[in-house]
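Dear colleague,

Please find below the structure that I am handing over to you.

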Amino acid sequence: MSLEAAVAAPFRDRGRSRLGEGEFVVALSLDRDWFTPDQAKRLVDVAAGRGLVSREDDELVAEFDPASVTIPDGFVPDESVLREQSVFERVLSALVDAGVEKQEAVAAINERQRELGVTVEAAAILYARRRGVGVGDAADRALADLCEGEVREGDVREGDGER
């Protein structure tokens, strides 16, 4: 996964699992010349959202073992790693990584969605769990999105007509 490799590189280069956020940005933008400083900051946000790093004080802490990540010779991450994946994309990626054919997974998820009348994200999570594929953070995010939707719907007061 190129996101994990891009995030692992600064930690591996320095042989540590904690780096200052500025040090991380410099490693990606100036040392490796993979991203602009703004893009490297965006990568921090995406990585934090995916649970790859956490922020403690002014430091980034790797929530995985950077030494275990293979960074191929000549590797340069694609700018697509700066885009945060949707819950569905994350679950689908986990399924494919677990050996499920992508087309098979999408078809089964769509069928589950039709059968249950739920969102595609909920159907994907249910399908992944049935296949024994862990999707804990994606499930938490989907639940949070659903709860936000309920709050938005609940914001309409009787007689208001506006949100």
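Residues are numbered from 1 along each chain as its sequence is written, and side-chain values use heavy atoms, with hydrogens and water left out.

Confidence

Where pLDDT is low, the predicted coordinates should not be read in detail.

The sheet

Helices (H or I, at least four residues) and strands (E, at least two) are DSSP runs, numbered from the N terminus. Two strands pair if DSSP finds at least two bridges between them. Three strands form an open sheet in the order β1-β3-β2, with antiparallel pairing. Its edge strands, β1 (18–20) and β2, each pair on one side only. From one strand to the next, the twist averages 30°.

Strand β2 (residues 53–56) is joined to strand β3 (residues 59–62) by four bridges, and Val 53 stands opposite Ala 62 in β3. The two strands β2 and β3 form a hairpin with two residues between them, and Asp 57 in the turn has a positive phi of about 60°. Three bridges link β1 and β3 in the antiparallel sense, and here Arg 18 stands opposite Val 61 in β3.

Helices on the sheet

Axes are lines fitted to C-alpha atoms, for helices over the stretch in contact, and angles run from 0 to 180 degrees between N-to-C directions. Helix α2 (residues 21–31) lies across β1, β2 and β3 and runs at about 85° to β1. Helix α3 (residues 37–49) lies across β2 and β3, at about 105° to β2.

Helix pairs

Which residues of α1 meet α3? Leu 3, Ala 6 and Val 7 in α1 meet Leu 43, Val 46 and Ala 47 in α3. By class, this contact has six nonpolar, no polar and no charged residues (Ala, Val, Leu, Ile, Met, Phe, Trp, Tyr, Cys and Pro count as nonpolar, Asp, Glu, Lys and Arg as charged, and the others, Gly among them, as polar). The axes of helix α1 (residues 2–14) and α3 come within 11 Å and cross at roughly 115°.

Helix α4 (residues 87–97) packs against helix α5 (residues 102–116) at an angle of about 130°, with their axes 9 Å apart. That makes α4 oblique to α5; angles under 35 degrees count as roughly parallel, over 145 as roughly antiparallel, 65 to 115 as roughly perpendicular and the rest as oblique. Phe 88, Leu 92, Leu 95 and Val 96 in α4 meet Lys 102, Ala 105, Val 106 and Ile 109 in α5. The contact of α4 with α5 has seven nonpolar, no polar and one charged residues.

With kind regards

Note on methods. This is a predicted model: local features need pLDDT of at least 70, side-chain atom pairs count only at pLDDT 80 or more; totals for chains, interfaces and linings use all residues. Contact means heavy atoms within 4.5 Å.
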